[in-house]
Every structure is written in C-alpha cells, then in structure tokens.
Amino acid sequence: MIDSHAHINDEKLYTNYKEIINNAKLAGVNKIVIPGWNVESSKLAIKIAHEFEGVYAAVGVHAQNVSDETLDSIKTIEELAKDPKVVCIGEIGIDYHYTKDDKDIQIEFFKRQLDLAVKLNLPCEIHLRDATGDFMDIIRDYVKVNGVFKNKPIMHSFSESKEIMEELIRYGFYISLSGPVTFKNARVQKEVASVVPVDKLLTETDSPYMAPTPLRGTMNEPKNIPYILEEISNLKNMDKFELERIIDNNFNIVFNVGD
Ligand code: NI
C-alpha cells in the first residue's frame with residue numbers, strides 16, 4: 001500500500017518518526033511521500049526520506065505559510081527539488097478558509113510553484129479549500145494556453161464535487177483520497193470515490209490530521225491507510241487486493257519511482 005501525503009516532518013510525528021515509518025511498513029504501507037509546507041519542513045522531509053527505502057519528499061510552500069516566506073523561497077525550493085529523493089512539488093495550493101486577506105500572494109505562490117512543477121516535469125500536490133472558483137480559473141487558463149498537464153498534478157485530500165473531479169481528470173490530474181472518505185456523512189467524498197477512474201487514484205492519510213473511522217480524533221499515521229483503502233474498495237465494489245495493486249502502480253507512475 002501507499003501513502004501519497006503524510007507530514008512525518010510535523011513535530012507531532014517527527015518526535016517518533018522511525019517507529020512511525022516502521023509501523024507503517026509492518027502494516028504493509030511501503031511507500032510514503034512526505035510533503036513540506038515551507039522551506040524548513042521541506043528540508044526535513046528530504047532528511048527523513050534519505051533514511052528509508054520507499055520514503056520520498058515533496059518540497060513546497062503551502063497556502064497557509066506564504067507569510068513565512070518571500071518569493072525568493074521558490075528559488076530555494078527549486079534547488080531542493082534537485083535532490084534525488086524529491087519526487088514532487090508540494091504541498092502548494094489556495095485556501096480561503098481562515099482568511100482571504102492574503103489572496104493575491106497565495107495565488108502568486110501557487111502559480112509560480114505550479115509553473116516550477118511543470119518546468120521540472122515533477123508532479124505537484126495541491127491543497128484546495130474554499131477557493132474552487134479562483135483555482136479552476138487558473139487551471140482552465142493554463143490549459144487554454146498550454147494544453148493539458150503532462151506533469152501529473154495531484155489533488156491532495158480531494159473534497160470537491162464529482163463534476164470538478166471529472167474536469168480535472170480531463171486536464172491530466174490525479175485524485176488522492178484521505179480519511180474523510182471513511183466518515184459516515186462524507187457524501188461528496190464517497191460519491192467521488194465510487195466513480196473516480198482507478199487509474200487516476202491515490203490514497204493518503206494526510207497524517208497527523210484527519211484519522212479515518214474508527215480512529216477519528218486520534219493522531220493519524222501512515223499505518224492507517226488500510227481503513228481508507230478498504231472503504232474505497234467497498235464504494236467501488238471492487239476486490240481490495242486488486243485495487244491495492246492498481247493504486248501501488250499509480251504511485252510508481254505518478255512519482256516516477258520503480259519497485
Ligand atoms: Ni498536507
């Protein structure tokens with residue numbers, strides 16, 4: 001199994017990271033991407049990735065951390081992306097949930113890092129919350145000018161509608177599903193899971209956040225992937241091991257890593 005997005009560089013998990021990664025492997029979760037949210041956490045993701053086989057890093061500045069950084073940080077992110085353990089730019093994105101006051105700078109960081117991912121031909125992990133309109137405008141403009149994305153962008157912890165999912169897949173995106181797909185009242189995520197094409201699907205925990213049912217409210221870890229995979233296989237009415245095999249293969253394709 002695979003976890004496309006786990007913040008093992010978060011202080012809540014980093015204090016115990018060796019045990020957390022070993023427990024993931026014991027649970028059968030053999031490949032993990034650790035995303036950064038600013039320069040420091042991106043560096044830490046790389047450091048951890050170098051200590052384990054099957055563990056990789058994503059480097060980037062998150063929407064909610066644009067105030068920690070200047071646009072020069074994107075040059076640093078580009079330098080960090082040369083590390084052989086870096087397989088992705090992320091996490092990047094737009095989030096107006098807590099504030100729109102920094103809307104322009106969020107968009108600037110997002111566009112520049114999206115361009116960087118395209119330039120380096122690396123996938124990117126995108127966080128989107130309460131900003132669907134602005135996000136889709138940026139993506140549709142990009143596609144109008146450049147054609148569909150070839151660098152395999154990933155919508156992390158996808159929580160948008162089925163229609164948005166279908167449009168993004170037409171543009172070359174992948175969809176990563178997380179703990180909320182297991183929540184009883186997550187109607188939209190369950191609908192998306194039931195119809196998303198399996199060859200465009202990834203699983204993630206978004207650790208330490210959003211632990212799946214029945215572990216809600218506890219600190220999330222990559223070892224919890226089986227709960228998410230099981231729920232998706234039920235929603236798709238598909239054999240769990242067949243789904244696992246396809247998603248593992250998707251991970252190798254998206255992040256360009258072998259077995
Ligand atoms: Ni995240």
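Me: Why is β2 called largely enclosed by the rest of the structure?

Reply: This is a predicted model, in which local features need pLDDT of at least 70, side-chain atom pairs count only at pLDDT 80 or more, and totals for chains, interfaces and linings use all residues. Residues are numbered from 1 along each chain as its sequence is written, and side-chain values use heavy atoms, with hydrogens and water left out. A residue is buried if its relative accessible area is under 20%, exposed if over 50%, and partly exposed in between (1.4 Å probe, protein chains only). In β2, 5 of the 5 residues are buried, so the strand is largely enclosed.

Me: Which residues show that both faces of β2 are covered?

Reply: On one side K31, V33 and P35 are buried, and on the other I32 and I34 are buried.

Me: What makes β2 and β3 a pair?

Reply: Strands are DSSP runs of E with at least two residues, while helices are runs of H or I with at least four, numbered from the N terminus. Two strands pair if DSSP finds at least two bridges between them. Strand β2 (residues 31-35) and β1 pair over 2 bridges in the parallel sense, with I2 opposite K31. Between β2 and β3 (residues 55-59) there are 4 bridges, again in the parallel sense, and V33 stands opposite Y56.

Me: In what order do the strands lie in the sheet?

Reply: The open sheet is formed by 8 strands in the order β1-β2-β3-β4-β5-β6-β7-β8, with parallel pairing. Strands β1 (2-3) and β8 (201-203) are called edge strands because each pairs on one side only.

Me: Why is D206 called buried?

Reply: D206 has 8% relative accessibility, so it counts as buried. This residue is found in the loop between β8 and α9 (225-236).

Me: Which residues is D206 in contact with, leaving aside its neighbours within four places in sequence?

Reply: Contact means heavy atoms within 4.5 Å. On that basis D206 is in contact with D3, H5, H7, H156 and S157.

Me: How are two packed helices described?

Reply: They are described by the angle between their axes and the distance between the axes. Axes are lines fitted to C-alpha atoms, for helices over the stretch in contact, and angles run from 0 to 180 degrees between N-to-C directions. The axes of α5 (residues 103-120) and α6 (residues 132-146) come within 12 Å and cross at roughly 35 degrees. Among the residues making the contact are F110 and L114 of α5 and F135 and I139 of α6.

Me: Which residues have the most contacts inside the largest nonpolar core?

Reply: A nonpolar core is a set of buried Ala, Val, Leu, Ile, Met, Phe, Trp, Tyr and Cys residues joined through side-chain atoms within 4.5 Å. The largest one has 81 residues, and those with the most contacts inside it are I89, F135, I139, L168 and F255.
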